[in-house]
Amino acid sequence: MSEPIKKPNQIPESYSPTKPLIMSMVQKITELSPEIPAIEVYQAHREQYQVLGIENKTPNGTVGDWGACWNVFLNSNARNIVEFLRTEKSTFLGVFCQSDTGYYNYLIGGVVSDVSETPEGMFLANFPAADFIVVTHEWMPSIDEAEQQVGRIVGYAHGSELQLPDGYIKYNAPPSPIMFIESYNYEFDNNRFRFEVWFPIRDKGGEIK
């Protein structure tokens, strides 16, 4: 039986691209209609970090019911544990990452720090430092309005229009454990909300981190 969870010493840190510590590039995509929220593309860097949540292991070549996976997480005690331990208080993540041979994992949870023992029934992943390209949209005043942008942002992020920084490429093969991340960045205190897609990138001529 696991020991009772203790809240670790944490330095809260949002990876919102509005924070200059991690923002190295800002690009706004001009839309034809001013009524359509502008797509925003950022380059960001993460140091080594942990994600704690629920594992959803899925056979390669198949697609899971991600909505059902989120319902399980949001209605479970795992959500309460993640909300207590996470260091990025505004954000839940869905991380598509490498899993056992023949499978990939859709890990739903949040970023935590210094968690050494995985709570029963949950999954803890340690990820290395990496650079990312982040595709999102202008902050919206409500969750409903932000969620209306999900399909549009996913389509743009995975489409051919996305331009990477000069000299960089996406990578999702070993030793990179992350394929991409879907982030629900909801700042309730500031009444602003947005959906983000994060892709690992690396220098074309450099070594994989």
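This is a predicted model: local features need pLDDT of at least 70, side-chain atom pairs count only at pLDDT 80 or more; totals for chains, interfaces and linings use all residues.
Residues are numbered from 1 along each chain as its sequence is written, and side-chain values use heavy atoms, with hydrogens and water left out.

So, let's look at two of the pairs. Trp66 and Phe96 have ring centres 5.3 Å apart and planes at 85 degrees, so that pair is edge-to-face. Trp66 lies in helix H1, residues 66-74, and Phe96 in strand S5, residues 91-98, so the pair ties together parts that are 30 residues apart in sequence. Helices here (H or I, at least four residues) and strands (E, at least two) are DSSP runs, numbered from the N terminus. Both Trp66 and Phe96 are buried, and buried means under 20% relative accessible area, with exposed over 50% and partly exposed in between, using a 1.4 Å probe and protein chains only.

Next pair: the rings of Trp70 and Tyr184 have centres 5.2 Å apart and planes at 75 degrees, so they are edge-to-face too. Trp70 is in helix H1 and Tyr184 in strand S10 (residues 178-187), which puts the partners 114 residues apart. Trp70, at 12% relative accessibility, counts as buried, and Tyr184 counts as buried at 17%.

And what do ring pairs link into a cluster? Trp70, Phe73, Phe92, Tyr184, Tyr186, Phe188, Phe193 and Phe195.

Now for charges and rings. The charged end of Lys57 sits over the ring of Tyr103, 5.1 Å from its centre, and the charged end of Arg192 sits over the ring of Trp139, at 4.1 Å from its centre. "Over" here means NZ of Lys or CZ of Arg is within 6 Å of the ring centre and within 35 degrees of the ring normal.

Last stop, helix H4, residues 150-158. Its buried residues are Ile153, Tyr156 and Ala157. They cover an arc of only 100 degrees around the axis, which puts them on the same side of H4; the arc is that of the directions from the helix axis to the C-beta atoms. In general, an α-helix has 3.6 residues a turn, so residues three or four places apart point the same way.

Technical notes
Rings of Phe, Tyr and Trp (its six-membered ring) pair if their centres lie within 6.5 Å; planes under 30 degrees apart count as stacked, over 60 as edge-to-face and the rest as tilted.
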